[in-house]
Amino acid sequence: MTTRWTAVRVLRDRTAGRCLTAVMVSGFGTSALWLASGVWVKDLTGSDGLAALCLLAMWAPALAGPVLGTLADRCRRRPLLIVLSLSMAALLLTLCAVDGPEDLWLLYAVLFVYGAAGTVHDAAESALVAGAVDGSLLGDFNGLRMTAGEGMKLLAPLAGAGLFTAYGGSGVALLDAATFLAAALVYMSLRVREERPDRAREGGRGATAEGARHLWGDTVLRPLVLAGGVTMLCAGVSGALTYAVVEDLGHSPAYAGVLYALQGAGSVTVGLLSGPGLRRLGARRFAAYGIGLLAVAVALRAVPHDPVAWASAAAIGVGLPAALIAVLTEVQRRTPGALLGRVTATANTVVYTPNVIGLAVGAAMVELLGPRAQLSGLGVVLGVTAAVLLAQRPASADRTAARSASDASPA
């Protein structure tokens, strides 16, 4: 089946199409706020350090992913998504009261709650989609979700910057609140049948750890998620070197926008091809080939030549999302519905938290080692990660897949 027709099948699916709409709408507001919050703090205080704390406030709750993901398993997912969206729309309105440096505590508090709600939201949405969308189309859906998300990242920061210039931070907060309200309306329009969660099973001290045990005990998910974490760690270090790479090319810092645009174009492309790619190669090989491509692309960033930089940026945009799409899709396919919120949140913590660590390491080491040595080393680490993932025995994976498929239950 061609990419075109599988994409059309996903979009024709009522639940999948509306979930994608909700992702695009709320993602637009999130991307706009992500940029504007740092600019807002910088404008009020003049401090780069305080501006950077905005990103930390939004990312910190991800460390509690296994705990927060439990909430997505104790409630029906559609009502939970509606409540989360409406609550965030109301909470963002409080940012209109931020008028000076003395009010920054409110901004940081809202961003922290924003990050926590986002962790629960992602886990609930993943579980809802896994139970409502045909399993054969999950790869296509996650690919289109990545395409939509990357498209919003290209457009929303520009809109957020323009809105901040015209109306200040309150204007961006109102925009984001409106997108959450729109997302809530989309979730209200969904028609999905969900069973009430089994309270007896979900209770107890071991409820949170149950998701981690499932993830670690699955012989296919464990290496796939760990490879995703190593990949995001390396991607974080590489991302921190972007402006050093631009300087080596002999351009102004604004030239980084060209590289980000090319990377975004690569992400859009792989999002459209991920469904057929996953069906043809399987998640393990699809992720490994993506990480292998990323290894070559990251190493080539050390070459100070514009065409090479353009090609490597586009290749990074293809390779990195390929690994992330494979991880999410396999988690959805191999996890029983009753555990999916916790397992998704735990997997996201393992995969995405190293990215923040990598950004810090890259920023700290760039003056000591320079970008070229770091990029070459990252290429080697990523290449080894891809090779180890490919070395996993397919026979073992097939046996586990057969077992998990029979255990899975819809949301």
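Colleague: Of the contacts in the chain with a separation of 6 or more, what percentage is accounted for by residues 24 or more positions apart?

Modeller: They account for 85% of those contacts; a contact means heavy atoms within 4.5 Å. This is a predicted model, in which local features need pLDDT of at least 70 and side-chain atom pairs count only at pLDDT 80 or more, while totals for chains, interfaces and linings use all residues. Residues are numbered from 1 along each chain as its sequence is written, and side-chain values use heavy atoms, with hydrogens and water left out.

Colleague: Why is Ser-37 called buried?

Modeller: Buried means under 20% relative accessible area, exposed over 50%, and partly exposed in between, with a 1.4 Å probe and protein chains only. Ser-37 has a relative accessible area of 1%, so this residue is buried. Buried residues make up 51% of the 411 residues in the chain.

Colleague: Where does Ser-37 lie, and what is in contact with it, leaving aside its neighbours within four places in sequence?

Modeller: Ser-37 belongs to helix H2, residues 14-45. Helices are DSSP runs of H or I with at least four residues, numbered from the N terminus. With those neighbours left aside, Ser-37 is in contact with Cys-54, Leu-107 and Leu-111.

Colleague: What makes Tyr-114 and Phe-180 an edge-to-face aromatic pair?

Modeller: A search of the whole structure finds one aromatic pair. Rings of Phe, Tyr and Trp (its six-membered ring) pair if their centres lie within 6.5 Å; planes under 30 degrees apart count as stacked, over 60 as edge-to-face and the rest as tilted. Tyr-114 and Phe-180 stand 5.6 Å centre to centre with 80 degrees between the planes, and the pair is edge-to-face. Tyr-114 lies in helix H6 (residues 104-132) and Phe-180 in helix H8 (residues 169-188), so the pair ties together parts that are 66 residues apart in sequence.

Colleague: How do you know that Arg-222 lies over the face of Trp-216?

Modeller: A charge sits over a ring if NZ of Lys or CZ of Arg is within 6 Å of the ring centre and within 35 degrees of the ring normal. Arg-222 is at 5.1 Å from the ring centre of Trp-216 and lies over its face.

Colleague: What is the largest nonpolar core, and which residues have the most contacts inside it?

Modeller: A nonpolar core is a set of buried Ala, Val, Leu, Ile, Met, Phe, Trp, Tyr and Cys residues joined through side-chain atoms within 4.5 Å. The largest has 55 residues, and Leu-92, Leu-95 and Leu-107 have the most contacts inside it. H6 gives the most to this core, with 14 residues.

Methods
Helices (H or I, at least four residues) and strands (E, at least two) are DSSP runs, numbered from the N terminus.
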